[in-house]
Each structure stands twice: as structure tokens, then as C-alpha cells.
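Let's take a walk through this structure together, from the overall build down to individual residues.

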Amino acid sequence: MQVPNNDATLVFAFIGFSVQEIRVGAQSTIDVKMNNDSRQLEEVVVTTGLGISRQQKSLGYAAQGVKSEDLNINRQPNILNALQGKVAGATISSVGGGPGQGANIRIRGINSIDASASNDPLYVIDGIQIDNSTSTQGSGAGANVRSVGNRASDINPDDIETINILKGGAATALYGLRGSNGVVIITTKKGKGTGVRTNFTSTYGFENVNKTPAVQTEYTAGILGVYTPIGLGPAWGPTIAEAKAIDPTHPDQLFENYKNAFDTGSQLRNTVSVTGGSEAIKFFSSVSQFNHDGMLPFTDYQNLSARLNTDIKISPKITAGVNMGFNNSGGYRFDADRYGESLTYYSGRWDVRDYINEDGTQKWRGTNNPIFGAATNRLRDNVNRYIAGANIGYSPTSWLNFNYRVGVDTYTDNRKRTAPGPRGISGERVYDNADGFVGEYLTSYRAINSTLLATATKQITKNINGTLRLGYEVYDRSTKDHGVLGSVLSIYNDFRLVNAKTLAVSQGINQYRSNGFFGEATFDYKNYLFLTVTGRNDVTSTLSAANRSFFYPSASLSYVFSDNLKLPAFIGQSKLRLSYAQIGKDASPYSTSSGFSNYTGLPTGVTGLTISSNLGNPNLRPEFTDTYEAGLEMSFLKNRLNFDLTYYYSLSKDQITRAQVSSTTGFVTASINAGTIRNKGIELVLGGSPIKTKNFTWDATLNFSANRNKVISLNDGLSEIVYGPGTGGYGNSPVTFKIIPGQPYGNIYGSYYLRYYGNSVEDPMRTDKSLPMLIGANGFPLNSTTKQKLLGNTMPDWVGGLSNNFTYKRLTLSTLIDARWGFEKFNRLDNFNSAFGIADYTANRRSFYTFPGKLADGTDNTKSVWLNQGTGPDGVNYGEGYYRLYHRVLSEPFVQDASWIRLRSASISYSLPSKWLPAKTIRNANISVTGNNLFLRTDYYGLDPESISADSGSNVDGAAGMTYPAARTFLFTLNVGF
């Protein structure tokens, strides 16, 4: 190294050590001893935008990472489920415990009022932007959808080194419009060291339903109290004793069909990885096989994945890398909501497992058997996916670097849906199979992403260093899908399209392209004050020429005051963060034009066109979101205690949505810039090591976040936007999800009990549950019939997770407690169980009850009424009874508090001593036992409220009940290194 003169000073700095400044003088050789800096946090180099690695202390925004060992501690097959409870500001919801089923993640709330637009973050794996969509092609719609998972489930969790979550606008600025909802950066494992090392991991587990509905066990099949063993009256009959007097074959107890209808599921994953290389070439490769048999009969999932990562040092100035991953996945799926609905109709008088006759037809008990449906009405998907990327870096000088990266994400999703037709056997019932059908569907997806980045780093003055980055990005995406549904099979079980008498064809293509120019300038002053400014200009294909090019900036500041100020010795590295960013966002493809679509429903061989359902708007403008963030990070007692506190505020304007319009226009919806939405909240990450001795360590981390959302305004002429229609229930019980100015996103509106207001003025928006109910002259509560008021909200008040790791020598116990509090969901299962007399609380039917409340004149209600069906002991005919006439028909009883707290996972592992292992073959070995969903505390009736009655890509998550149940899982893992 050459220095300008003997007065030059060399600065030696390394992560985790104190900075050393040494004057050169006449020395030709300098030996430096770096001292540990106890004032620093355990520094982490964070992968931020576009693969750029920066020291965490230099970041002026919140970014939270999860390492491989923390991600895989509970051995979840889906990486999103593996993140639950581990990231502040992230709300992660699963659609159930089914094989290959998906999950979604929302970072800092809902950012768009368009329910059809994705609120998912951008997913990036090794610098390649990948798809995480959920396709429902051929699998149904709404609540009755066979969830086939989102594409993140393709990724093998064992391949992952780290996941970093970028949350605010300043953090995601370089990713442009696709990072407007946050960015999930996945870094897979790379080759390390020299030589070759092999690792084998095997996990086997079994699972069962973690929560089932409480049911009454006294009353059997019937209608209006009359024993009807064959019919659609599962539990409005006589008592078991009364039924046995009529039918001696009646069992002594009702069958526990909700428990019997689900199997014990199982799963097995085996992963082999090989890593190694030399100084010039390093590699990581893996092969993994995952098999999952579901709790719902005849459902399963398989996933075969392979990966190869290579890093090549071509010369001191040129480096390159190639990452490749292949995945084949799929399995048999069934509509869990339809399964639950059929199960509700099925009386406990009969064993639901006894579902098929010797001739293969369904055993008919007056209603369809759900297991027969799952066995015959089938959908199988088969996905082949390839994700690959290549990068090359060139450093002509020590201060200048050029990097080019290109990546492709491509897959085909083949689906086949089948159901046999009738055989012509007398009395045969075919469930939902009609005259039999066969459907074949294919989706082809391809996305190419390339980025050119130039980086220059210079010392500007003695105390100021600067880095300038300039780049250009191109993103091109194409999705093609087509399907053919053949119905009315000539041969009942010949599942070929040529065997179908009627064919219905669907076809679609979706193309998108954008490019962006961006720049980032970073300045650091004395290694404690860091300023970063960015700017990006995107050009998108989804907006008209006048609006498709738009610019947005960001700025962030990190002040590591512990490196600048003399603080007490017990305070370690600490910093303040401030950031502002503007985020641009474009429209969905084809939102600016109105065209034609193929007319469906015409006879085979007849074609036609109709206008599209959406009225395009060539004047659409891009959305812009202004985000503000402030944070404080501090550590104490040599990092035995640390915290990271963040406050954020975002305001999204010119929101693009498809609003419902009058049918007189000829359209269903119209694309508009509709209004403004706001999110604000806090995030807290609290960590520490309460105990740390030679043999025992206790590490703990608490994640807490609370978000408040509000729709500030809508476009002129719009008083509300309905983004979720009524969700299945009886009478007027279906709820509606609406966006109304001044109200938060996620509000649930439904029918309600009338209240007695006296001289008070009734609130037209909300029902005041503290007021007495209004009771009719017949003694039963009055309700609003079709009128709706605000009954709840689907967004939680707060989300938290507490993880603990206790290590004693080679033994480690890890636990994760997860909570989501202060939100409501509509419970469809409870509505049905009320309607059919199945719920435990309907066991009071043979009793009189006086409903507390007021009559219209303000006097207290004193009239006692019979709750059962038919004529009561008082001689009054009560018809179908309270639960069917007054309870099941409105929303209010079924919009329920869905708050929960659970023991998400507990795992105990043991690392075998090396002296127990063959010295020349096995380097290390570890065994572990893990339990997931071991304990759940919730007041929500029926199933686990975390599951939703929708696909994993839906923004309408306010209904649950008849979903694929959540699983309680027990897993056994062996890990061996060679």
C-alpha cells in the first residue's frame, strides 16, 4: 500500500471491533491488534435492495432478518408459516393446515383499497424477483375454493441462509413499484471453505386437528322434534333415548363426526446438501423430497426440489455467480369449505366414515357424505418451476464496480379435475358430480428480470466517504392460461375430454413490462452519521403514454450516537433513524382500456363476444405513497439487552381500484383513482440474554407491532366501495365488507339486533351493544332484517411473538408464543351449527327463557318463550324454533372475537458429542423433537380462527369456520454432517 507521506494515518475497521487509527511515520510494516468493541451490537451485514450488502448500523430504516436456524426451528414446510411470530410489523395468515396450502403476509397493514390488487410484498431470491401468486384456475372461487397454495410454497426452507424483511418506503425504494408493499429478500446457502462437505436432514411428523367445534350430544336426527333418520335434519329430532325407543338400531351415543371425518396426517422431508469448493470456485447443491398426506381424506402434496449455487472468482477483478433451482410440486386438493358444509348436514346418527356401498356408490343418509365427495370429486395440480439467475461483477479499480444480473422465473401449472358420472344404479346419489366431468387446465408463467448496476466509492474528504450507485432495470412478465371443462360423460369414469358431451373453453393472456432508472448516493461522516438519498423513475406498460413514466425519491439518516457521544459504559451501540420516501405504483394490466371478452355459457360449437366487465380508464394516474419513519436502536450491558423501536406513517393517494358501477353503463366495474388511505403504527423488537453462563444460556426475543389504518377519502361521487360481498350464511346473516371514508379497511357490516334507545339518537353506522335489546310482543328479540351496521373489523389491534432459547451444554429448548389480538371474523360454521341444532349451546332447546331487554314502550320484557321447535308446553306453536327463526338469520351473533394466543412451537434438540461419532465419516449430528400449535387460547367458536375461508392471495379474510382445519403437528428430525 502506498501512502502520500509519513504524516498519513491508516484507519483499521472491522465489524464488531473498535476502530484503530495509526500514524504511518517511518514504519514499513504495521501490525495491528483489533480489540472487541463491547459497545457494539452484534453487527449484521444486511442484504438490502438489489443484492447490495450494507452494515446494519448504516441503515436509516427498519429491516429485520431471520436466520436459517431460527426459520427452520419449527420445521414448517411453507416459508411464510415459518416466519409467523418472528417479524415485527408482519401479519401472516394461513388458509389452514392442508397439504401444500398457502399463507399470506401483510407488512404494515393494507396499502390498497382495491381488493383485487395484491397487497403481497415482493419476493426476491438470490437477487431474482419471483412470483408468489395464487392461481384459482379450475379450483373454484370465493369461499368454495380448493386452495392450491401460493408459489412461495415451492421453496425448500432447508436451502435458505437468511430472510430479510424490508418494510418501509426508504428500505424498498430501489425495487421501485413492485416493492411498494414491502420486500422479502431470501438468500440461499452458498459454498464455504475448501473441500467438500455433505449434510443430510430428515424430518418425519404426524398431525391432527388442533381445534374442533363444541357440539351437543343429546339430540339426534329429526325435524320439528320428529325422528327423521334419513333427511336433512341432523339434530332437530328427539333425544337419543327417545329415538332408541323408536329405532332400536340407533347407537347409544352420537358419532363424533367432526373428529371422525379427519385423518391423522403425516409428512416426511429428506434433504441432502453438498457444499465446498476452492478459492476460485465455491458451490452449494441440494436435493429435497417432501411428502404430505393431509388430515382431510384423499388430499396430499409432494414437492421435489433441487438447487445449485456457484460463485466463481475469475480474476482479482472479475467475479461471477450462477444460481439455479428446480421444483416439481402438486397433489390432490379438495374444497375444505364444501367439506365442512357437508359435514354440518350429516347427522351424528350415522358414522361419517361409513360412506360407500359395495358397488362403489354413496351410502345415502338423506344428505351427501363429505368423504365420498373428497374421494370422487378431485383436483390434482402438477407444477414444474425453474428459477435461475446469473451475475457478473467487474472492478476495474478499487473504487469502481460494475455488476450485471439477469434472472428468470418460469413454471407450468397443469391441473386436472375429475368427477365420475352416474352409473344408472337405482337410488344412486353423486354428490356435486352431476353427470360427471373432466377439466384440464394449464397456466404458463415466465418473468425475466435484469439489472445493471454501477457502484463508485470514494473518500470525499478526510471525514466523509461517499458511495454512488446508478442502475437500470428491466422486468418482463407473461402469463398464459387455458382450460377446457368437459361435462356429461358418456362413460361415467372415462376422464378424457373426448368422452364429454359438452365442452366449455377458457383462455387468457396477461402481459406486463416495466423498466426503471435509479440512483443511490450514500455519505458517511466519521463512520457514525450516514445519509442515503435515492431516486427512481419507472416506466410501466399498464398506464397510458401520458402517465406511464413517473419519478419518486427517498432519503434516510442513521446517527450512531454511541460512536459520537461519550455514554455510560453500560450503553452499547445505539442509533437514531429517520427516513422519508415516496413510492410509486401502477395499475393492473389492461386497466386503461375497455375491450371484449369471449361469451361463456354458449352451446358447444357456438362462439360470441361480449363487452368486458371492467370499464377502462385511459386517464388513470399512478398511485403515490408518502412514508415517514423514525426509529431508535439501543443495546445495554454488552448487548445482554437491546431494543429496536420504530414509528411509521404512510399516506397513499390516488388509489387505483375497480369500483362497482350502475348496470345501465353495460359494465360491472370501472377503473378509477379512488381516494386516500393511511397507515400508522409502531414496531418493537426487544432482545436479550437474561442468563449467560459457561454451560447455560437463555436468549429471548419479543416482536410487537400495532397498526392503525384509515380510509381518508374516496373519489367524488363515491360514498362506499363494496370489496367483499355477503359471505355464506342463512337468512340475512351474510356480512359485507365495505370501504367507507373515515373508517378503517377491514370493517364487517351485517344485520343486527335492534336496541332500545329511548330518548337517545340512534347511531346509523354502529350498533351499541351496551344498550338493551328490543324485544317483540312475542317475546323474541327483534332484528334489522336486511339493514346492516358495523359489527367488527378484520385487522388486529396488535400482533406479537415471544421466542425463547434455553441452551444447556448440548441441549437446547426453543419455544415460540404467538398472539394476534383485537379483531373479528364472521363464523360460517357457527351459523350452520346454530341452524341445524348442532352447536353445544342449542342443548337448552327444551327450556323456557326470558330474553333480557326492553319492549317498544320502554318497559322490561317479562315474557318467557320456549326455545324448541313445534308446540311448546304452553300450547304455543313456535314453528322452527328460536335458533332457526331468530338466531341463525342475522349476522351479529356470528361476527365473533377471533383474538388468539398460542404456543406456536416448542422444540428440544440435542447435539451429539463428537466422541460418539465415527471420527473420519461424521462431523456432527443433531436430533430434535418439535411440536407446532400445541396450545391455543381463543373464544372463537369451532375451528382455529387463524385459518381463512379464501385462497391465500385474497384480501377478503374476514370469514372463517368452514376452512381446512389448522394442524397440531409433532415432528422428529435428524441432521447429520459428513
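Buried residues account for 55% of the 978 residues in the chain. Please bear in mind as you look around that this is a predicted model. The chain has nine helices and 51 strands. Its radius of gyration is 31 Å, close to the 30 Å that the globule rule gives for 978 residues, so the chain is as compact as a globular protein of that length.

Now let's go inside. In soluble globular proteins, nonpolar side chains tend to be buried together. In this model, the largest nonpolar core has 30 residues, and the members touching the most others are Phe262, Leu296, Tyr339 and Phe836. Three helices, α6 (336-345), α7 (370-376) and α8 (828-835), each supply at least two residues of this core. Of the elements involved, α6 gives the most, with four residues.

Leaving aside residues up to four places away in sequence, Phe836 touches Leu232, Pro234, Ala235, Trp236, Thr344, Tyr345, Tyr730 and Arg884.

The largest cavity holds about 420 Å³ of space. Its lining is made of 33 residues, and Gln76, Pro77, Asn81, Gly96 and Gly97 lie nearest its centre. Strands β17 (265-277), β18 (281-293), β19 (300-315), β49 (924-938) and β51 (967-977) each supply at least two residues of that lining. By class, the lining of the largest cavity divides into seven nonpolar, 20 polar and six charged residues.

The second largest cavity holds about 250 Å³ of space. Here 25 residues form the lining, with Asn111, Ser180, Ile583, Thr627 and Ser650 nearest the centre. Two or more lining residues come from each of α3 (169-172), β28 (575-585), β32 and β33. The largest share, five residues, comes from β32. The lining of this second largest cavity has five nonpolar, 15 polar and five charged residues.

Asn639 lies in the loop between β32 (623-636) and β33 (641-653). Although Asn639 is not a glycine, it has a positive phi of about 70 degrees. Is Asn639 buried or exposed? Asn639 has a relative accessible area of 18%, and because buried means under 20%, this residue counts as buried.

Val488 is another non-glycine residue with a positive phi, in this case about 60 degrees. Val488 is found in strand β24 (residues 464-489). Its relative accessibility is 28%, so Val488 counts as partly exposed. To finish the walk, you might show Val488 in its strand and then Asn639 in its loop.

Terms used. Residues numbered from 1 in each chain as written. Predicted model: local features only at pLDDT ≥ 70, side-chain atom pairs only at ≥ 80, totals over all residues. Heavy atoms only, no water. Buried < 20%, exposed > 50% of the residue type's maximum accessible area, 1.4 Å probe, protein only. Core = buried A, V, L, I, M, F, W, Y, C linked by side-chain atoms within 4.5 Å. Contact = heavy atoms within 4.5 Å. 1 Å grid on protein atoms, 1.4 Å probe; cavity = no way out; pocket = protein on both sides within 12 Å on 5 of 7 lines; lining within 4 Å. Points joined across faces, edges and corners; volume = space filled by probe spheres on them. Nonpolar A, V, L, I, M, F, W, Y, C, P; charged D, E, K, R; others polar. Rg over C-alpha atoms; globule rule 2.2 N^0.38 Å.
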